[in-house]
Amino acid sequence: MNSIIEEKSFKFATRIVKLYDHLKEKKSNLILLNQLLKAGTSIGANIVEAEKGQSKPDFYAKMSIALKEANETIYWINLLHETNYLSDSEFESIEKDAREICGMLVAITKTTKENISKNN
């Protein structure tokens, strides 16, 4: 792994896949689970793309997408919790990780945007 955010997002994606499998076995709502799986695993994929980006604006664009996916993931986690597919303990654990990644991405995108503005 190249960075802390890449490592954290990969571990988070692994948790999302395991949560998906766990909830799927319990016959949970597959539409909601598929949305969670897509958004939760997309975060890390976009981070990897950003880190291999061709320019600072490309890096910023991909990290912004990762941030959007992180926010979407939080939405699906909350929805699964409110509809009783996630227990309180499952929710608190995974939601905390999602918010941590989201916070890191906010900081990265803010700093990158400022740096791009300074150089233009």
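A helix here is a DSSP run of H or I at least four residues long, and its expected span is 1.5 Å times one less than its number of residues. In this predicted model, helix H3 takes in residues 56–82, 27 residues in total. From first C-alpha to last, H3 reaches 39 Å, close to the 39 Å expected.

Both ends of H3 have something to look at. At its start, a side-chain oxygen of Ser55 comes to within 3.2 Å of the backbone nitrogen of Asp58. Lys56 lies over the face of Phe59, 5.4 Å from the ring centre. Just after H3, Asn84 takes a positive phi, about 65 degrees.

Next comes the packing. In soluble globular proteins, nonpolar side chains tend to be buried together. The largest nonpolar core in this model holds 29 residues, and Phe12, Ile43, Ile77 and Leu105 have the most contacts inside it. Helices H1 (4–25), H2 (30–51), H3 and H4 (88–119) each put in at least two residues, with the largest share, nine residues, coming from H3. As for Phe12, once its neighbours within four places in sequence are set aside, it is in contact with Gly40, Ile43, Thr73, Ile77, Ile94, Asp97, Ala98 and Ile101.

On the aromatic side, the count comes to one pair. Tyr75 and Trp76 make up that pair, sitting edge-to-face with 5.0 Å between centres and 80 degrees between the planes. Trp76 counts as buried because its relative accessibility is 13%, and the cut-off for buried is under 20%.

Note on methods. Residues numbered from 1 in each chain as written. Predicted model: local features only at pLDDT ≥ 70, side-chain atom pairs only at ≥ 80, totals over all residues. Heavy atoms only, no water. Polar contact = N/O pair within 3.5 Å; in protein donor to acceptor, adjacent residues only side chain to side chain. Core = buried A, V, L, I, M, F, W, Y, C linked by side-chain atoms within 4.5 Å. Buried < 20%, exposed > 50% of the residue type's maximum accessible area, 1.4 Å probe, protein only. Contact = heavy atoms within 4.5 Å. Phe/Tyr/Trp six-rings, centres within 6.5 Å; stacked < 30°, edge-to-face > 60°. Lys NZ or Arg CZ within 6 Å of the ring centre and 35° of its normal.
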